[in-house]
Amino acid sequence: MATFQPPVEIIEAEGLLRDDAQRVTLDALSTLDDDWTVWTRPRTGLDRPDFIAAHPTFGICVVGVFDIRPGEKVGNDKGYIVELDAETGEWRRATRQHRHEVARAAKTLHDDVVAFHGRPEENIHTVRSLTIAPFLTSAQAREIFKLPGELGPSVSVAIWGGDALPEHIERMLCGLGCPEPHPAAMRRATDHLTAAGRREPTSPAPRLAAVKLVEENPTGERFRRIRGGSGTGKTFAVAARAARLAAEGKRSIILTFGSTLPRWIRHVADARCEEAGADPALVTITSFHTFCARVVDDGEKAGLRTEGSPKARWPVAIIERCEQVFRAGGNVAERHRFDAVLVDEGQDFEPEWWNILRTHVVRPDGEMLIAQDPTQDLYERLVWTSMGDDRWRDLGIESNWIELTAPIRLPTRPLGIIQRFAHDTGRALVSAPATPDPSFGDPVSGQIAWIDVDRVSVVGRAVGHEVVRILRSNPDLKPSDVTFLCDYHHDGVAAAAIIKRAGFPVHHLFSRNPRDRAIRKARFDPHAFAVTGSTVHAFKGCESPIVVMSIGHDDKSRELAAVAMMRVSAMSGRPPALSVVNADPRLRKTEKAESDPYADMAASA
C-alpha cells in the first residue's frame, strides 16, 4: 500500500477528511503500491488541496475531490461551475471552482518547489492535476467541468468520475506521463510536502523571556507590537506564537512584505509546530501582496468584479481590489479569515495595510501582532518610527512595545564590526550585549575575512572566488552552508558563474534579463541544497552560517552592508564566518579585524 502522510489512522481519528467523496478517494489511493507517497490535505503555500500523490518515476499529481451526487442542482456556464440558490431560485456562480483551484495548486507547487532552479528544460508535466467526482460517472463529471476554448492551466486538469475507481487510479494519476523526474526535484517536493504533515512533539529549543512572552501571550492581549534588532529572535517568536495557536486548533497567517522571506519562515514555523505537536497546515505563510492577489482571484472566480483606481500600479490596485472582495462578504471573504494575523518585518508595511487586516482578515475575537526592526527599514518608509501613541491607538494597539534586545544568533567575533557599521549608517541595534544568551549554547566566536579590491568591476568575481576558496579550504562544509550577497545583478551573475565553474551547485536569483530575474526571485529558496546567492533586500530576515558579501563605492552600498553583515548566524551548528569584499576606498584598513584568519584569501581572490 502507498505510504500516507499523515498515516491513515491519524487521518481517520482526527477527521482530516471533509466529506464522503474524500473517503472514497482515499480508499482508491490505498490500492496504490508502496512506491507511491500520498499526502492528505497538505499545506503548500496558500493552497491546501485534498491529496497530492508522488512517485519517483511518474512524478507528482495534485488531486481535488468534488462531492456532488446525481441530480443535484449544479451545472456549467461558460466554463464556470454554477449552482442553484435555494433561497432565490436563481443560478449563481459557485464559490468553489474546483478545476481552477487544483490547477493553481499544481502550478504553484511546480514553480515554487519542483522547478525552483528555473532550468528551461524542466518538464512542466512533472506536476499534473486531477479532479475526481466519485459519485458521478466520468461522462457526467466532464459535462459539469467542461471548458469552452482555452482558459489557461485549467484545461490541463484531468476529469474523472467514480466509475474509474479504484481500478484505474494509477492511470488517472499518471495522465499523459512525463520523463522520469530529476531526483533532486522529487527530493525537494517530498521534503516540502512532508513538512506540511503532522509530527510528534520534540524537545523545544530554549527561549528568552521576551520570546516566551510573545509566544504565550499570558495576558491575552489582542493587538501587540514587538521591536528588536537583527538576530534578536523576532521571526522565531512570531513562528512560535503561530505554532502555539495551531496546537490549540486555531488558524493563523504570517504575512511579510518580501516574497522570498515566507520560504524561510516556513522552515522556522514547521520546526516550532514539531515542538508543539501541532499541525503546520494551520499556519499559512505568504507575502501581503500575494495574499491580496489570491483573495482577488478567488473572488473573481466566484463571480465578483473588482477594479483598481485608474492608472494605479499593480501593488496598489491589487490591495484596492482585495478590499472590494472583503466588503462584498460571503463565502469567499470568510475563507480568508484567520484566528490570528501575525506580521513579520513589519517596518516594511504601511499602517493602512494593517488596518485592512484588522478590519477584514482577523476574526472578531482573534489576535494580531506586528514585529519590527527599525534598523532594517531598507525601503525607508519611516512612518512607524515617527508615530506617536495616539496613532498606535488608532491602529488598535495600546500595549507597550515588547522589546527583544539580545542578538542571540550573531557570532561574537564579527559583532564588533557589525556594531560599528550599524552605528555609522544609522542602523544601530536596539541593544547589543557583548555575548549572546548562554542558554542557546556556546556560539562559535566566528571568523572574519576582509578583502579589499581596487575596482568595482571586479567585485562579483572576487565574491565568487571567495566562496570557492572557503569551500575548498573546508571540505566538511556543505555548499548550502554558504550564502553570497551582492548589491547588483551583474555582480551576482559573475559570482555565480565562478562558483558553478568550480564544480559547486549554486542557486541564486541574479540575472541580467528582467523577465528571468522575476522568475528566479519567485523560485528562490534560502534552504536550497546549494550555495545560495541573493540581493540583500531579498535575503533580509534570513540567515546563513557563512556569508560572503560585497561593498560597492556608494553610501547606499555601505548601508546595505550593515544589514548584510547581520545575516551571519551562529545558530546552525556550523562555525560561522563573515567575508567582506570591499571596493569602497573609504573603508580600506579602517574596518579590518586586528587578526584575520583568512588573510591569505585576499591574494587568491
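**Entry 1: the open sheet**

I started with strand β10 (residues 223-228), which is joined to strand β14 (residues 362-372) by 5 bridges, the two running parallel. The model is a predicted one. I looked up F223 and found M368 as its bridge partner in β14. I then checked what packs on the sheet. Helix α7 (residues 209-216) touches β10, β14 and β15, and its direction makes about 135 degrees with that of β15. Helix α13 also packs there, touching β10, β11 (252-256), β13 and β14; its direction makes about 160 degrees with that of β14.

For the sheet as a whole I noted 6 strands in the order β12-β11-β13-β14-β10-β15, open, with parallel pairing. β12 (283-287) and β15 (402-404) are the edge strands, each pairing on one side only. I recorded an average twist of 20 degrees from one strand to the next.

**Entry 2: E345**

I located E345 in the loop between β13 (338-343) and α13 (351-361). Is E345 buried or exposed? It is buried, at a relative accessible area of 4%. Setting aside neighbours within four places in sequence, I found E345 in contact with L261, A371, K540 and G541.

**Entry 3: strand β20**

I counted 6 of the 6 residues of β20 (residues 546-551) as buried, so the strand is largely enclosed by the rest of the structure. Side chains in a regular strand alternate between the two faces of the sheet, and I checked each face. I546, V548 and S550 are buried on one side, and V547, M549 and I551 on the other.

I then followed the pairing. Strand β17 (residues 482-485) runs parallel to β20 and is joined to it by 4 bridges, with F484 opposite V548. Strand β21 (residues 577-582) is also parallel to β20, through 6 bridges; there V581 is the bridge partner of S550.

Key: Residues are numbered from 1 along each chain as its sequence is written. This is a predicted model: local features need pLDDT of at least 70, side-chain atom pairs count only at pLDDT 80 or more; totals for chains, interfaces and linings use all residues. Side-chain values use heavy atoms; hydrogens and water are left out. Buried means under 20% relative accessible area, exposed over 50%, partly exposed in between (1.4 Å probe, protein chains only). Two strands pair if DSSP finds at least two bridges between them. Contact means heavy atoms within 4.5 Å. Axes are lines fitted to C-alpha atoms, for helices over the stretch in contact, and angles run from 0 to 180 degrees between N-to-C directions.
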